[in-house]
Amino acid sequence: MALVNIVSIALEHPQPFTQFATHFLVHASDPAYIWRLKLEVLTLIFPHTNIHAKNLILSELEYFAKGYDKELVKEAVRAIGRCAQSQTKNAARCLRLLLRQVESSDGTLVAESLTVIRHIIQQDPQNHAKTVVRLAKALDTATNPSARASIVWLVGEFAGINNGNNVAADTLRILAKGFHSESEQAKLQIVLLAAKVYAHHLNYDPPAVPTEENQGDEDRHPISLLFSYILLLARYDLSYDLRDRARLYKSILSVPSSTQLATLLLLAPKPTPQAPSPSSGRESFTLGSAAMVIGKDEDIRGYEALPEWTTPSRAPSPSLREPPPSATSGTDTHRGGGAMSMSTAVRGAGVRSASPRIGSPRIGSPRVGSPALPPTAKANGVPESLEDFLASDEEEEEEEESDEDSDDGDDEEEEESEEESEEEESEGEGESAGLLGTK
């Protein structure tokens with residue numbers, strides 16, 4: 001995480017890290033995600049370091065470019081290219097380092113080195129004509145298909161130097177001998193090279209109007225014959241793409257009226273390639289955030305940047321941060337007391353309903369002779385608190401129980417009076433029967 005933050009800061013302000021260049025040297029025990037970040041930091045601080053640090057960084061990159069780890073080799077070569085791109089004064093030295101790798105037997109190293117060399121040459125093509133000649137000579141030893149295709153493309157880009165008096169036509173002649181043994185991507189570049197050389201020839205030496213006297217091959221220019229021979233080889237190739245390309249180039253270059261169109265299509269100036277830092281675009285993320293570690297905006301779905309700090313004029317009122325008034329604390333305390341009284345009342349009600357004793361004073365009811373309870377209701381009949389409400393419920397329950405007891409007492413009295421009346425009637429009947437017997 002620390003290296004990720006350092007890279008994000010170094011993208012905009014690399015100067016503070018120049019004195020710690022030795023801390024970012026790659027060690028053999030560093031995992032891939034660590035040495036990638038270290039190489040990126042070294043390339044970012046390279047233009048701002050002194051000569052000793054620059055020599056040290058380039059030596060380290062050259063050493064790792066000859067390693068056994070293919071991924072590390074690719075990243076080291078790309079780092080050399082970024083160093084050459086960031087400071088043109090050291091471009092010549094970086095180019096010499098990369099040209100040494102062209103003769104290597106490692107195809108991955110050669111292909112990556114040629115890609116970086118092509119980027120460096122395109123930045124200043126006029127001063128690298130000799131470099132192209134040296135690369136053309138390397139075709140005798142280069143065996144990697146992508147490396148050979150890159151060299152042929154570079155030769156074709158310099159086919160118009162010195163009014164066509166260069167190595168492009170001679171290189172095309174040598175490649176035509178082994179056209180059948182080349183890879184498909186190399187054949188595509190060879191056909192493109194033939195079209196570029198022939199287009200330059202048409203611009204510098206327009207062909208005469210064909211007549212019956214000059215229709216033979218003996219009167220044709222060698223470049224025209226070479227172009228026809230390459231198209232003939234491509235016509236019978238197994239690749240559909242190669243045959244279509246050859247047919248296209250032949251159709252636009254065989255008609256004199258379409259020479260200008262062919263020039264715009266084949267010889268248009270190419271934009272200078274740029275090799276930005278791998279972490280370019282992450283400097284807008286917040287340091288230490290997960291978005292900065294994950295990747296760029298297109299790598300994160302639904303990403304929303306953090307809002308900027310508000311201005312003092314739009315800041316909220318300071319009263320929002322003041323503590324609440326003291327009345328709320330009293331209300332909370334009152335509520336707490338009500339909750340405690342509720343639990344007490346519930347327990348009391350449970351005891352009464354569980355085992356009431358006959359003849360014992362009711363639980364919760366005032367004893368005889370005790371002081372009267374204070375009034376708990378307001379004039380309008382609304383209780384003042386939860387205690388008052390519960391107390392009123394208890395009074396209602398006691399009144400109901402007393403009513404039930406009084407009803408039970410009335411019923412017992414009625415039964416007793418009925419029994420007494422029945423006894424009196426039975427006694428009266430006995431007395432009357434005795435009187436009748438005596439008579």
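Visitor: Before we start, what should I know about the model and its numbering?

Guide: It is a predicted model, where local features need pLDDT of at least 70, side-chain atom pairs count only at pLDDT 80 or more, and totals for chains, interfaces and linings use all residues. Residues are numbered from 1 along each chain as its sequence is written, and side-chain values use heavy atoms, with hydrogens and water left out.

Visitor: How many helices and strands are there?

Guide: Helices (H or I, at least four residues) and strands (E, at least two) are DSSP runs, numbered from the N terminus. Here you get 16 helices and zero strands.

Visitor: What share of the residues is buried?

Guide: "Buried" means under 20% relative accessible area, "exposed" means over 50%, and "partly exposed" is in between (1.4 Å probe, protein chains only). Of the 439 residues in the protein, 34% are buried. As for the surface, areas come from the Shrake-Rupley method with a 1.4 Å probe, and for residues only the protein chains shown count as cover. The protein exposes about 28500 Å², with carbon and sulfur atoms supplying 54% of that.

Visitor: Why is helix 1 described as largely enclosed by the rest of the structure?

Guide: Because seven of the nine residues of helix 1 (residues 2-10) are buried. The buried ones are Leu3, Val4, Asn5, Ile6, Val7, Ser8 and Ala10.

Visitor: Which residues does Leu193 touch?

Guide: Contact means heavy atoms within 4.5 Å. Leu193 sits in helix 10 (residues 184-204) and is buried, because its relative accessibility is 1%. Not counting residues up to four places away in sequence, Leu193 touches Val152, Val155, Gly156, Ala168, Leu172 and Leu175.

Visitor: How do I read two helices packed together, and what is the angle for helix 3 and helix 4?

Guide: Two packed helices are described by the angle between their axes and the distance between the axes. Axes are lines fitted to C-alpha atoms, for helices over the stretch in contact, and angles run from 0 to 180 degrees between N-to-C directions. The axes of helix 3 (residues 51-65) and helix 4 (residues 70-86) come within 8 Å and cross at roughly 145°. Helix 3 contributes Leu58, Leu61, Glu62, Phe64 and Ala65 to the contact, while helix 4 brings Leu72, Val73, Ala76, Val77, Ala79, Ile80 and Cys83. Ala, Val, Leu, Ile, Met, Phe, Trp, Tyr, Cys and Pro count as nonpolar, Asp, Glu, Lys and Arg as charged, and the others, Gly among them, as polar. By that scheme, the residues of this contact are 11 nonpolar, no polar and one charged.

Visitor: How many salt bridges does the structure hold?

Guide: A salt bridge is a side-chain nitrogen of Lys or Arg within 4 Å of a carboxyl oxygen of Asp or Glu. The structure holds 11 of them. In one, Arg36 pairs with Glu71, and their closest N and O atoms are 3.8 Å apart. This pair links distant parts of the chain, with Arg36 in helix 2 (residues 32-45) and Glu71 in helix 4, 35 residues apart.

Visitor: Is Lys196 buried or exposed, then?

Guide: Lys196 is buried, with a relative accessible area of 3%. Its salt-bridge partner is Glu157, at 2.8 Å, N to O. Glu157, in contrast, is partly exposed at 28%.

Visitor: What separates Asp244 and Arg247?

Guide: An α-helix has 3.6 residues a turn, so residues three or four places apart point the same way. Asp244 and Arg247 are three residues apart in helix 12 (residues 240-253), so about one helical turn separates them. Their side chains meet in a salt bridge (2.9 Å, N to O). Asp244 is partly exposed at 42% relative accessibility, and Arg247 is exposed at 51%.

Visitor: Which residues are linked in a network of salt bridges?

Guide: Look for Glu75, Arg78 and Glu112.
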